[in-house]
Amino acid sequence: MNETGMVTEILEIFWKEKLRFAQYCFDELAPLDAKAFVKKRTSGKSAEWTLQQMISYDRNFSFFLPLSLRISGFFFFTAFRDQDIEKDLETIRDKYTPPAFPTHFWEIQISKATDLKIKATDPQIKEQCESWKEVLIRLESKLSGISERDAYRKRYTSLTGIHTISGAINNSTEFCHYLWNLHMVNST
């Protein structure tokens, strides 16, 4: 168990990217009203549907992470090397191949889920954003319980494959980013 209650250094890199993405989505959803939020876009899906899919994906990740880590503990795995993590990340990025994040994405400064700011004024949108924030807070708490050693040794097993823990965080971000671009960007 990580004694500091912080996400370990190797996981923090990918976790901060995940939080930046969530903050970016919250900022983009803020100006919408309830009508625009539930209106189907040219992709055939609404902003509400897209956000619910991202929340659901991260809720599943949060639920299955401790189970997957326990199962992983039953098997003797050698520690990952940085090259193994890079290879896992490349495989995930090749799978989704989303466009690059917008340039202002990298200007978002955030280090923990509790710092996410929800600017939406519409109650329906605000409630959905709060729901995602709560899921991310719970997930961060679970990630904070992973020691540096376990971050390099244990695997996350899911329907999308067996990943390094860093890869699993990145898979979550990439999948949500893929959904966002498919149903939100240039789809009014």
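Reader: How should I read the accessibility of Phe64 in this predicted model: is Phe64 buried, partly exposed or exposed?

Author: The general idea is that a residue is called buried under 20% relative accessible area and exposed over 50%, with partly exposed in between. In this structure Phe64 has a relative accessibility of 39%, and therefore counts as partly exposed. The residue sits in helix 3, and together with Phe63 and Leu67 it makes a nonpolar surface patch of about 280 Å².

Reader: Which residues does helix 3 cover, and with which residue does Asp58 form a salt bridge?

Author: A salt bridge is read from a side-chain nitrogen of Lys or Arg that lies within 4 Å of a carboxyl oxygen of Asp or Glu. Here Asp58 forms such a bridge with Lys18, and the closest N and O atoms are 2.7 Å apart. Helix 3 covers residues 47–73 and holds Asp58, while Lys18 belongs to helix 1, so that the pair links distant parts of the chain, 40 residues apart. Both Asp58 and Lys18 are buried.

Reader: How many salt bridges does the structure hold, and which residues are linked in a network?

Author: There are 6 salt bridges in the structure, and a network of them links Glu17, Arg93 and Glu174. Arg93 lies in helix 4 (residues 82–96) and Glu17 in helix 1 (residues 9–29), which places the two partners 76 residues apart in distant parts of the chain. Arg93 is partly exposed, at 35% relative accessibility, whereas Glu17 is buried, with a relative accessible area of 9%.

Reader: What does the salt bridge between Asp27 and Lys119 tie together?

Author: In this pair the closest N and O atoms are 3.3 Å apart. Asp27 lies in helix 1 and Lys119 in the loop between helix 4 and helix 5 (123–144), so the bridge ties together parts that are 92 residues apart in sequence. Asp27 itself is partly exposed, its relative accessible area being 27%.

Methods:
Residues are numbered from 1 along each chain as its sequence is written. This is a predicted model: local features need pLDDT of at least 70, side-chain atom pairs count only at pLDDT 80 or more; totals for chains, interfaces and linings use all residues. Side-chain values use heavy atoms; hydrogens and water are left out. Helices (H or I, at least four residues) and strands (E, at least two) are DSSP runs, numbered from the N terminus. Buried means under 20% relative accessible area, exposed over 50%, partly exposed in between (1.4 Å probe, protein chains only). Patches are made of residues with over 30% relative accessible area and no salt bridge: like charges are joined within 9 Å, nonpolar side chains (Val, Leu, Ile, Met, Phe, Trp, Tyr) within 5 Å. Accessible areas come from the Shrake-Rupley method with a 1.4 Å probe; for residues, only the protein chains shown count as cover.
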